[in-house]
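Hello,

Here is the structure I promised to pass on to you. Have a look at it first, and then read on for what turned up.

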Amino acid sequence: MRTQGSSLLARGAAAALLALALAAGTGAAPAAAQSCGASVAWFTNPSIPTEVAGGLNADNCAFHQLAWQAFAALTQPVASGGVAFESWMPDYGVFPASGPPTPWGQDPITPCTNDAPGARSRFVFRPRVAKTVDSAVNPNSTDQAFGGALYDQNSNVVYYEAWVNQTEYNFITGCQFYNTGCIAAAPANVALPAGSIELKTSWRVLPAGATGSYYTVQGLVGSSCTPVTLGLVGFHLVINTPDHPEFIWATFEQKSNAPDCPGSTSSGWSFYNPNCQQGGKPCAVNQQNTNPTQVCRVTPWGGGDSQNVANIQAIDQSVYSTMQKLAAVDPAKYGYLNIWSNYQLVGNLWTNQGQLPPSSANEKGSTLNANTTMETFAQNTTSPTFTNCFSCHQESGAFSGTTPANFSHLFFEAVETGGCSGGQLPAACTAGASQLKRSTKGAYKSPAAMAAPGMIPSHSQKMP
């Protein structure tokens with residue numbers, strides 16, 4: 001039986017451990033980059049940062065800290081069940097095949113008859129009808145960048161889903177940009193407002209007993225809406241801040257996805273088998289139309305300069321140390337962090353001082369950024385040319401002109417629902433370029449605080 005004294009001692013020990021966790025979380029990191037550490041507050045008081053610390057003069061560590069802080073906030077448990085990002089709107093709720101978007105806070109109606117209305121799944125993966133002829137973008141839920149399905153070593157296909165936060169949802173729905181008629185009516189300078197966030201997630205079907213190191217959900221897949229257990233394997237986190245309208249492109253992976261190229265002799269990889277042979281030779285890596293797919297990471301940590309790589313490695317280790325100490329101090333509250341210690345930041349990309357358009361001359365951070373589960377077949381390829389996220393997410397796409405709204409490919413999922421309601425966009429969705437100017441903080445704003453905060457002027461310069 002526990003006595004009052006032993007309870008006090010336990011609380012004292014817990015407080016001491018928490019103090020150690022606080023100390024470890026404020027900057028403990030490998031000697032290669034001592035200054036690039038995690039903060040315990042990311043987990044004890046989670047929040048999504050609105051800007052990079054240091055503003056336009058931020059170093060690459062600050063961008064990696066922003067990425068991990070946001071990831072920590074998005075993966076915290078919520079009272080309704082699941083984690084925070086699951087309460088955001090999936091893309092099929094913003095861009096329905098027919099009818100208006102799902103109201104924020106409600107679960108989208110799905111075509112699955114076995115999806116109970118009182119407990120709708122937010123993880124429904126069914127093939128979608130392609131809505132664009134752009135070969136670089138295929139909104140099918142099992143195809144990735146440049147097309148092609150990825151299969152794990154159990155020969156199960158990988159599924160994808162995208163999500164938006166409420167800022168971006170309000171902008172899209174308020175401007176009716178789920179309707180191609182309204183997109184066609186948009187001015188050339190339309191852009192997503194600061195604070196817009198998009199997520200793209202990748203999931204593999206897990207066999208029984210293989211859930212220990214994955215964040216898992218119950219989902220419905222295929223035309224038959226088969227119920228399966230899905231494990232998170234990839235996570236693109238794309239954040240638009242006032243200083244960075246080009247978006248900050250961070251990507252995370254589950255640690256056991258794939259080894260660095262040319263491969264590994266160890267087993268246990270989800271997408272790599274060291275004993276794979278074809279025609280008496282080791283299986284080719286990163287090849288489309290192979291099942292299972294043999295995958296390796298072409299550029300560890302997304303490349304960039306040596307400090308960028310060292311800082312990503314440092315902050316990953318600092319985050320793990322902080323997670324482990326918190327979970328040991330209070331397992332009931334922070335035990336969930338043990339799962340997230342199996343995920344790592346593998347790359348992060350932005351432009352110098354938020355310059356637009358992105359180009360090889362101004363890209364910063366992980367300049368060969370790629371996720372092995374989302375850009376498997378495009379990693380540092382020359383045909384078609386792919387260097388990093390900006391290779392696809394340029395100022396070209398669903399909107400006319402050179403418009404930063406086009407950094408998002410979600411608009412390709414818009415459908416024709418007739419002309420734009422009322423024949424024109426709401427006033428808050430349009431702004432003349434003459435009314436806009438670049439602020440000293442690097443964001444594009446109007447002199448009068450802009451009734452349409454997402455509008456930024458078009459650029460005549462093209463990407464090389």
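Let me start with a question: is N362 buried or exposed? This is a predicted model, and in it N362 has a relative accessible area of 6%. Since buried means under 20%, N362 counts as buried. You will find N362 in the loop between β10 (343-351) and β11 (363-365). Leaving out residues up to four places away in sequence, N362 touches W350, T351, N352, Q355 and P357.

Another asparagine to look at is N240, which lies in strand β6 (residues 226-241). N240 is buried too, because its relative accessibility is 4% and the cut-off for buried is under 20%. The side chain of N240 reaches the backbone oxygen of P193 at 3.4 Å. Beyond its neighbours within four places in sequence, N240 is in contact with L192, P193, A194, G195, S196, P245 and F247.

Now for the chain as a whole. It has ten helices and 13 strands, and buried residues make up 53% of its 464 residues. Among contacts with a separation of 6 or more, 68% are between residues 24 or more positions apart. The chain exposes about 19100 Å², and carbon and sulfur atoms supply 53% of that area.

Next, the interior. In soluble globular proteins, nonpolar side chains tend to be buried together. Here the largest nonpolar core holds 65 residues, of which W68 and L237 touch the most other members. Helix α3 (residues 60-74) gives this core its largest share, ten residues. Apart from this core lies another, of 30 residues, including M89, A162, Y169 and I183.

Finally, please look at helix α7 (residues 306-329). Its 24 residues should span 34 Å at 1.5 Å a residue, and the end C-alpha atoms are 35 Å apart, so the two values agree. Helix α7 is mostly covered, with 17 of its 24 residues buried.

Enjoy exploring it, and write back with any questions.

Best wishes

Methods:
Residues numbered from 1 in each chain as written. Predicted model: local features only at pLDDT ≥ 70, side-chain atom pairs only at ≥ 80, totals over all residues. Heavy atoms only, no water. Core = buried A, V, L, I, M, F, W, Y, C linked by side-chain atoms within 4.5 Å. Buried < 20%, exposed > 50% of the residue type's maximum accessible area, 1.4 Å probe, protein only. Helix = DSSP H or I, 4+ residues; strand = E, 2+ residues; numbered from the N terminus. Contact = heavy atoms within 4.5 Å. Areas by Shrake-Rupley, 256 points an atom, 1.4 Å probe, with all protein chains shown as cover. Expected span 1.5 Å × (residues − 1). Polar contact = N/O pair within 3.5 Å; in protein donor to acceptor, adjacent residues only side chain to side chain.
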